[in-house]
Structures are given as structure tokens and as C-alpha cells.
Amino acid sequence: MATNNYVHMNECGLPLNAIEWLETHHNSKAVERRQMIRDLQLRAGSFVVDAGCGPGLWTPLLAEAIGPQGQIVGVDVSAEALVTAQRRSYGQWYRRQVQYKLAALEDLPVAPGSTDVIFSANVSQYLPEPVDTFAAMGPYLTNGGRLVIKDIDFGTMRFYNIDGGLQARVFRAREDWEQLRVDEGFAFEDSWVGSKLAGYLRAAGYEDVQERSYRIVRAYPLSREFRCYLQGIAEWFVCEEAPLLAGEDITSWLHCFLHESENVLDQESFVSEETEFIVSGVWNKRPSATVRFFDMQVAVQA
Ligand SMILES: C[S@@+](CC[C@H](N)C(=O)[O-])C[C@H]1O[C@@H](n2cnc3c(N)ncnc32)[C@H](O)[C@@H]1O
């Protein structure tokens with residue numbers, strides 16, 4: 001039975017007001033995330049929507065990439081995340097370049113055909129109908145504008161000093177449970193979405209779809225933040241009592257990450273890896289007749 005009907009949850013299975021968790025995750029991968037934005041080669045002066053911006057952690061990276069003439073609108077359905085984003089921006093060098101607005105991805109608070117780039121990080125995993133959502137975002141782009149989606153894929157996660165059989169059973173149980181839990185009333189989640197994104201963008205009508213993958217490898221000794229990130233992820237894999245995993249596997253798995261003296265994170269042989277994906281596609285459609293009609297109506301009413 002449904003026990004948890006949070007509308008939106010983060011990668012750790014926590015409600016999205018768990019902003020501290022998002023910060024830990026972001027900071028622990030800061031090097032790769034900076035590189036991801038650099039590789040997008042955003043044009044100076046671009047108008048960018050950060051769709052599902054959460055607490056605004058990507059804003060400085062985006063602002064740096066588009067320069068002082070560029071503008072960003074951060075959009076989210078969580079008022080708490082937006083308030084945090086707004087507070088984070090106070091007094092910062094990018095403050096005058098960004099506005100934060102409460103809205104859904106499918107109904108962006110910007111004019112149709114106005115946006116050079118829609119960027120969305122770690123949100124697609126929560127979209128029950130990703131193709132429909134990406135198609136709905138296209139008309140907000142300029143003709144030739146880009147949708148850029150970044151997300152995780154836990155199918156790529158490996159721990160080199162943990163028994164391979166145990167890892168395979170834990171990952172499989174979580175993946176199967178994510179599919180089943182929607183039927184049980186939990187919010188939609190697909191933590192294996194990263195490698196599916198290119199297909200979704202093509203199906204949504206984007207052209208010139210390009211995928212970049214970023215391998216995130218960490219070895220002993222771990223930074224405090226990456227250690228905390230991995231412990232959070234390890235607990236998340238077996239949260240909600242992991243109904244599809246044997247009890248002894250849950251115990252062994254948690255022992256690996258939480259045990260005081262036999263913790264795998266504190267062994268010199270520790271190496272972990274996971275791959276994150278950034279997929280971009282170009283919207284080459286002129287605004288539809290419906291959008292033009294809507295514009296006319298607004299003009300008449302004004
Ligand atoms: C895991 S957080 C990622 C936040 C931020 N992009 C980051 O990478 O740090 C996912 C965010 O997407 C937002 N979100 C989920 N579905 C959304 C939707 N349909 N429209 C707008 N925001 C959405 C959530 O409220 C949450 O803040």
C-alpha cells in the first residue's frame with residue numbers, strides 16, 4: 001500500500017526540501033559539473049531557462065558561461081527550493097542576471113519562441129511522461145534553440161571492492177522496485193534514465209541530438225562530501241525496506257557502507273564509478289498556429 005505520497009522526491013528518496021542533500025551531491029561532483037557546462041559552449045548573452053532549478057546550484061555555472069549580458073530564469077514547482085535559490089543569489093555577482101519563478105516544466109513562464117537554451121538537471125528522472133514533457137518545452141525555444149537534459153543512470157554504478165553478486169542483486173532489486181512502486185501510489189522515479197534520454201529527445205521532435213557521458217570515478221581517500229553522497233545513495237538503494245531484496249543482502253550492503261571498522265569507503269582498495277549523461281537536441285520548428293493565436297488573444301485583452 002502507498003505509504004509515501006510526496007509529489008517530488010530527490011535521488012535519495014527524500015522529499016525535495018532535503019536541500020542539504022542536493023548541495024552535498026552537487027559539491028561532491030563539482031569538477032565534472034563545471035566541465036559539463038563548459039562543454040555546452042553556451043553563447044555569450046544567451047537567454048537560458050533552468051527548468052527544475054531546485055535550490056539554484058547550477059545558476060553560477062550557467063551565469064559564468066553566458067557572461068554578464070546573459071539572462072537566466074530558474075523555474076521549479078517547489079516554492080521552498082526557489083526561496084533557497086533566491087537567498088543563495090543575494091549579494092552574488094550573478095544576482096542581476098537571474099529570476100526564480102514557480103512553474104512546471106510543461107508550462108514555462110516565458111514567451112513562446114523566446115529561449116535560446118532550456119537546461120534541466122536531475123529532473124527527468126521524476127517525469128512520468130518524459131517525451132510529452134520535452135515536446136511541450138520545445139515551443140518555448142527559439143527556432144534552432146537547444147534543450148539540454150542532464151541526468152544520472154545508476155545502471156553505470158560500480159564499487160570495485162564490493163562483491164559483484166551483491167551489487168548486482170541490490171541494483172536489480174531497486175530498478176524493479178522503481179517500476180513496481182508507481183503502481184503502489186509512490187511518485188514516479190527512474191534512476192536509470194540517463195542512457196534513455198537521447199531516444200526521448202528524438203521521440204519528442206528534437207533534431208541533431210547529441211549525448212555526452214561523464215564518468216565520475218573516485219578512489220580512497222574520499223572527500224567528506226563524496227563519502228556522505230555515497231552513504232546517502234547506499235541507504236537509498238535499500239530504503240522503504242527494499243521489498244524485492246533478501247534481508248541478508250540488505251544487511252551486507254549496509255555493513256559495507258556504514259560499519260565503523262569494516263567500511264569499504266575507508267579501505268585503500270576503494271574505487272567507485274558512475275556515469276552521468278548530458279543530452280542536447282535542437283528545436284527546429286516555428287511557433288505553432290495555436291501559439292500565435294494565444295499571443296493575439298493576449299494582445300487584444302491588454
Ligand atoms: C533532484 S532536484 C534537482 C534540482 C537541480 N536541478 C539540481 O540539479 O541541483 C529536482 C527538482 O525538479 C523539480 N521538479 C520536478 N518535477 C518538476 C516539474 N514537472 N516542473 C518543474 N520542476 C520540477 C523539483 O521540485 C526539484 O526541485
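**Figure 1. S213 and F277 in the pairing of strand 7 with strand 8.** In this predicted model, S213 stands opposite F277, a residue of strand 8. The two residues are shown in the setting of strand 7 (residues 207-219), which pairs with strand 8 in the antiparallel sense over 11 bridges.

**Figure 2. G145 and W283 in the pairing of strand 5 with strand 8.** Strand 5 (residues 141-151) pairs with strand 8 in the antiparallel sense, and 7 bridges are found between them. Within strand 8, W283 is the bridge partner of G145.

**Figure 3. R158 and E273 in the pairing of strand 6 with strand 8.** Strand 6, which comprises residues 158-159, is joined to strand 8 over 2 bridges, again in the antiparallel sense. The bridge partner of R158 in strand 8 is E273.

Figure 4. Burial here refers to a relative accessible area under 20%.

**Figure 5. The chain that surrounds these views.** The chain has 302 residues, of which 51% are buried, and contains 10 helices together with 8 strands. Among contacts with a separation of 6 or more, 79% are accounted for by residues 24 or more positions apart. The accessible surface of the chain amounts to about 14,200 Å², and carbon and sulfur atoms contribute 51% of that area.

Conventions: Residues numbered from 1 in each chain as written. Predicted model: local features only at pLDDT ≥ 70, side-chain atom pairs only at ≥ 80, totals over all residues. Heavy atoms only, no water. Pairing = 2+ DSSP bridges. Helix = DSSP H or I, 4+ residues; strand = E, 2+ residues; numbered from the N terminus. Buried < 20%, exposed > 50% of the residue type's maximum accessible area, 1.4 Å probe, protein only. Contact = heavy atoms within 4.5 Å. Areas by Shrake-Rupley, 256 points an atom, 1.4 Å probe, with all protein chains shown as cover.
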